[in-house]
Amino acid sequence: MRTHHPDPHVVIAGAGPVGLWLAAELRLGGVRVTVLEARPEPSPHSKALTVHPRTLEVLAFRGAAEPFLAEGLRIPDGHYGSLDQRLDFGVLDTPYPFTLALPQARTEALLEERARAAGAAVRRGHRLTGLTEHASGVRVDAESPEGAYAIEAAYVVGCDGTRSTVRAAAGIAFPGTDATVWGWLGDVVLDRPSARPVLSVATPRGGLMCVRLPDRVHRFVGHTPEGQRSDPPGEFTFDELRATVARIAGDDFGMRDPRWLSRYGNATRQAAAYRKGRVLLAGDAAHMHFPAGGVGLNVGVQDATNLGWKLAAVLRGAAPDALLDTYHAERHPVGAELLTSTRAQTALMTAYSAEGRALREVLGSAVATVPAFSRRLAEGLSGLGVAYDTAYTEAYGIRDGGSGPGDGGGDHPLTGRRAPNLRLGPDVRLFDLLHAGRPVLLDFAGRTDGPSADVIVHQGPPVGDRADWEGVGSALIRPDGHVGWAREAAARPGHAREAA
């Protein structure tokens with residue numbers, strides 16, 4: 001059943017990258033948004049540094065990638081479990097075959113600028129304290145410097161981190177395991193930096209990576225055998241950082257002027273449900289893990305991209321409420337795979353024994369000599385390998401003209417996969433058509449006869465050589481850049497493609 005909300009309003013808890021991107025996505029769909037952020041000012045510290053290729057694609061198909069590309073450091077490879085042999089991202093099927101090093105503080109600033117420009121209300125110093133769901137919406141209780149107040153919303157989304165108040169208030173379980181490994185990070189100025197943009201060292205004494213940041217600052221992240229413990233090790237000091245780096249790498253690189261020092265653990269948990277009634281979760285509120293591979297921020301932004309268009313479509317009456325159930329169905333498996341990957345990488349990173357080093361050597365050799373293996377790992381880290389189960393196609397509220405399960409485009413091999421940035425004309429690319437955040441119907445055979453106004457239609461054959469798209473007569477691209485359905489050109493001509 002579809003319900004039109006006369007004043008669709010969503011409250012988002014958390015003004016990190018996930019909450020801010022979701023706010024902009026909802027505004028693109030015409031939804032009124034209020035973001036509550038407990039911190040009065042953005043944090044100057046950056047937990048995350050890496051923007052992966054799929055996140056760059058997401059930014060690009062909203063026309064938002066250029067500021068990130070202009071400021072970030074492009075790194076043509078990535079790592080899996082800090083293996084010495086790095087993954088070549090140049091072989092990936094994307095316009096952005098690299099990772100982008102950009103401090104999270106700058107990423108947040110760019111995303112907040114976009115959310116505010118789109119009309120989202122971002123309230124800093126306002127803390128969500130509780131919520132109560134009722135028949136027509138959710139009452140959100142909040143505190144601000146001026147006192148307590150309440151907001152009525154149609155839905156609430158928790159983007160408020162691993163200690164999510166929204167998740168706890170909704171009674172959503174967060175099962176998993178406590179920390180058994182502790183890592184550390186330090187942002188410092190170096191007088192003798194490595195010539196490499198990314199330095200990686202792994203020894204029986206521990207492992208570390210060093211990445212260049214703006215303003216002559218470098219970030220060290222690492223771990224040692226002493227960090228394998230269940231109890232937190234205590235405050236991380238500059239003297240400890242300098243001594244630890246020197247012990248592992250044989251040099252402290254002339255480090256001075258510490259900007260930020262911190263520890264982090266490998267506690268690993270995932271929300272049992274990404275949706276419970278009118279409450280939804282995204283990002284760290286839905287999944288927590290060891291920061292291996294720099295993927296956490298990226299998976300969170302991709303959560304928000306999957307959720308944003310669906311929630312907007314439901315609120316404007318263009319799709320049934322059941323569409324929101326596909327958010328959990330599609331993104332929970334992605335989160336589960338994330339946890340498996342980061343656990344595996346943690347095991348590799350902390351493999352200090354002779355047997356562990358032998359395992360690293362074997363896997364590193366496979367990365368270096370088996371291109372298919374290396375590419376598979378790179379596709380997983382980059383986010384480019386995510387494909388959604390075609391069984392959920394009908395629930396999208398966007399369907400083709402087929403009359404039965406085998407008659408439409410839901411069983412086409414492209415269905416559920418991410419769509420590439422197809423060249424559709426001399427000056428037209430698919431990502432350009434996705435800027436509006438609406439479904440895009442690619443009608444290569446000229447058979448469309450009246451799709452919904454909610455759908456952007458492009459007619460005419462594609463330009464360029466894509467073997468995997470050869471023979472496709474029409475395809476519906478979801479607002480999140482995945483193929484909703486596809487049909488062969490030789491298939492029975494369909495009648496009106498619909499966007500329900």
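The second largest pocket of this predicted model has a lining of 29 residues, and those nearest its centre are Val 334, Glu 337, Leu 338, Gly 380 and Val 386. Its volume is about 570 Å³. Three helices, H7 (296–315), H8 (325–349) and H10 (371–382), each contribute at least two residues to this lining. Helix H8 provides the largest share, with ten residues. By residue class, the lining of the second largest pocket consists of 13 nonpolar, ten polar and six charged residues.

Four cavities of 30 Å³ or more were counted in the model. The second largest cavity holds about 100 Å³ of space. Its lining is made up of Arg 54, Val 58, Gln 302, Thr 305, Asn 306, Arg 331, Gly 383, Val 386, Tyr 388, Arg 418, Asp 480 and His 482. Helix H2 (53–60) and helix H7 are the elements that give two or more residues to this lining. The largest share, three residues, belongs to H7. Three nonpolar, five polar and four charged residues make up the lining of the second largest cavity. Val 386 is listed in the lining of this cavity and is also among the residues nearest the centre of the second largest pocket. Helix H7 likewise supplies residues to the pocket lining and to the cavity lining.

The protein as a whole contains eleven helices and 30 strands. Its radius of gyration is 23 Å, close to the 23 Å given by the globule rule for 500 residues, so the protein is as compact as a globular protein of that length. The C-alpha trace spans about 70 × 60 × 35 Å along the principal axes. Of the 500 residues, 55% count as buried. The accessible surface comes to about 20,000 Å², and carbon and sulfur atoms account for 53% of that area. Among contacts between residues at least 6 apart in sequence, 71% link residues at least 24 apart.

Thr 342 is located in helix H8, the helix that gives ten residues to the lining of the second largest pocket. Thr 342 has a relative accessible area of 1% and is therefore buried, since this value is under 20%. When neighbours within four places in sequence are left aside, the contacts of Thr 342 are His 289, Phe 290, Ala 292 and Val 295.

The other two residues lie in loops and have positive phi values. Asp 215 is found in the loop between strand E16 (206–212) and strand E17 (217–223). Its phi is near 60°, which is a positive value in a residue other than glycine. Asp 215 has a relative accessible area of 65% and so counts as exposed, the value being over 50%. Phe 253 occupies the loop between helix H6 (238–249) and strand E18 (255–265). Phi of Phe 253 is also near 60°, again a positive value in a residue other than glycine. With a relative accessibility of 9%, Phe 253 counts as buried. Asp 215 is thus exposed, whereas Phe 253 is buried.

Definitions and conventions: Residues numbered from 1 in each chain as written. Predicted model: local features only at pLDDT ≥ 70, side-chain atom pairs only at ≥ 80, totals over all residues. Heavy atoms only, no water. 1 Å grid on protein atoms, 1.4 Å probe; cavity = no way out; pocket = protein on both sides within 12 Å on 5 of 7 lines; lining within 4 Å. Points joined across faces, edges and corners; volume = space filled by probe spheres on them. Helix = DSSP H or I, 4+ residues; strand = E, 2+ residues; numbered from the N terminus. Nonpolar A, V, L, I, M, F, W, Y, C, P; charged D, E, K, R; others polar. Rg over C-alpha atoms; globule rule 2.2 N^0.38 Å. Buried < 20%, exposed > 50% of the residue type's maximum accessible area, 1.4 Å probe, protein only. Contact = heavy atoms within 4.5 Å. Areas by Shrake-Rupley, 256 points an atom, 1.4 Å probe, with all protein chains shown as cover.
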